[in-house]
Amino acid sequence: MVTARTRATLNTAAAAARDAVGGVADLDAGGRADRAAGEALSSALAWSVLRTVADPEIPVLSVVELGIVRAIEIACDRKTVTVTVTPTYIGCPATEMIAQDIVRALTDAGAVQVVVRQQLAPAWSTDWIEPAARARMLSYGIVPPAARSSLARGVQPLRFVAPGSVRDLHEMDEVLRCPRCASADTERLSYFGSTACKALYRCRACREPFEYFKPL
Ligand SMILES: [Zn+2]
């Protein structure tokens, strides 16, 4: 139900963004729009369009809220848009789908050519998820990742985990409260949930399973 409502909101925002971009096209037809002001406007509109592109794995979040859109460049002709994206995980299967969705949304909004390029460094961090998005994630039933800054500061070692030694990883986790009943009596069932970036937990109080978006 939450998903449906959020999608409806996203669709409404998409329609509004499209209307606004239509306005930009009118300015183009006039041919006298100030270039600097026009670019800023187009860029802002492109950002608002991408706020309507849902993350395939957490559909209540947009790709912008997830923090994976690093930059949007509008070419001087204002027809070519270059979007720089940092994937959440290298090899994340959603990456290709996200790129296709970005191209489709911006094309629908009037872009003639959309280039999606990947930027792997600096690596995406769960700290880039917008604060408001964390609350929505929780209401969707996924415990948002703890801020990494609260877990460790400075340089972190690369950890290699042998099969069967996931107990080490568990020690990194904080006590998670159930997103439904807020009980702290929870247990982890699997370090990997429906996707590699989430772990599967269960609440012993209400017996409902839930997922935890792991800090990265
Ligand atoms: Zn519970």
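From the N terminus on, the elements of the chain run α-α-β-β-α-β-α-β-α-α-β-β-β, which comes to six helices and seven strands; here helices (H or I, at least four residues) and strands (E, at least two) are DSSP runs, numbered from the N terminus. This is a predicted model, in which local features need pLDDT of at least 70 and side-chain atom pairs count only at pLDDT 80 or more, while totals for chains, interfaces and linings use all residues. Residues are numbered from 1 along each chain as its sequence is written.

**Confidence**

- The chain averages a pLDDT of 76, and 68% of the residues score at least 70; pLDDT is the predictor's confidence in each residue, from 0 to 100.
- Confidence is lowest in helix H1 (residues 2-30), with a mean of 40, and highest in S1, at 95.
- Over residues 1-41 the pLDDT stays under 50, and the model has 38 contacts beyond four places in sequence for them, where two residues are in contact if their C-beta atoms, placed from the backbone, lie within 7 Å.
- The pLDDT is also below 50 over residues 165-172, a stretch with six contacts in the model beyond near neighbours in sequence.
- Where pLDDT is low, the predicted coordinates should not be read in detail.

- Three strands form an open sheet in the order S1-S2-S3, and the pairing is mixed; two strands pair if DSSP finds at least two bridges between them.
- Strand S1 (69-74) and strand S3 (113-118) are the edge strands, each of which pairs on one side only.
- From one strand to the next, the twist averages 15°, where axes are lines fitted to C-alpha atoms, for helices over the stretch in contact, and angles run from 0 to 180 degrees between N-to-C directions.
- S1 and S2 are joined in the antiparallel sense over five bridges, whereas strand S2 (residues 80-85) and S3 pair in the parallel sense over six bridges.
- Val83 of S2 has Ile72 standing opposite, and the bridge partner of Val83 in S3 is Val116.
- Helix H3 (residues 94-108) packs on this sheet and touches S2 and S3, and its direction makes about 150° with that of S3.
- In a regular strand the side chains alternate between the two faces of the sheet.
- In S2, the covered face consists of Val81, Val83 and Val85, and the uncovered one of Thr80, Thr82 and Thr84.

**The four-strand sheet**

- The other open sheet has four strands in the order S4-S7-S6-S5, again with mixed pairing.
- Strand S4 (142-143) and strand S5 (186-190) each have a single partner strand, so one side of each is left without a neighbour in the sheet.
- Strand S6 (residues 198-203) pairs with strand S7 (residues 209-213) in the antiparallel sense over five bridges, and Phe210 in S7 is the bridge partner of Tyr201.

**The nonpolar core**

- The largest nonpolar core has 37 residues, and those with the most contacts inside it are Ala46, Leu50, Val63, Ile102 and Leu106; such a core is a set of buried Ala, Val, Leu, Ile, Met, Phe, Trp, Tyr and Cys residues joined through C-beta atoms within 7 Å.
- A residue is buried if 20 or more other C-beta atoms lie within 10 Å of its own, exposed if 12 or fewer, and partly exposed in between, with C-beta atoms placed from the backbone.
- Helix H2 (35-50), S1, S2, H3, S4, S6 and S7 are the elements that give two or more residues to this core.
- The core draws at least three residues from each of domain 1 (19-118) and domain 2 (172-216), the domain bounds coming from an automatic or database domain assignment.
- Leu50 touches Ser62, Val63, Val64, Val69, Ile102 and Ala105, not counting residues up to four places away in sequence.
- Buried residues make up 26% of the 216 residues in the chain.

**Backbone details in the loops**

- Most residues other than glycine have a negative phi, and most peptide bonds are trans.
- A cis peptide bond with omega of about -5° joins Ala121 and Pro122, and Pro122 lies in the loop between S3 and helix H4 (131-139).
- Ala182, in the loop between helix H6 (167-170) and S5, has a positive phi near 70° and counts as exposed, with 10 C-beta neighbours inside 10 Å.
- Arg207, in the loop between S6 and S7, has a positive phi of about 70° and counts as exposed, with 9 C-beta neighbours inside 10 Å.
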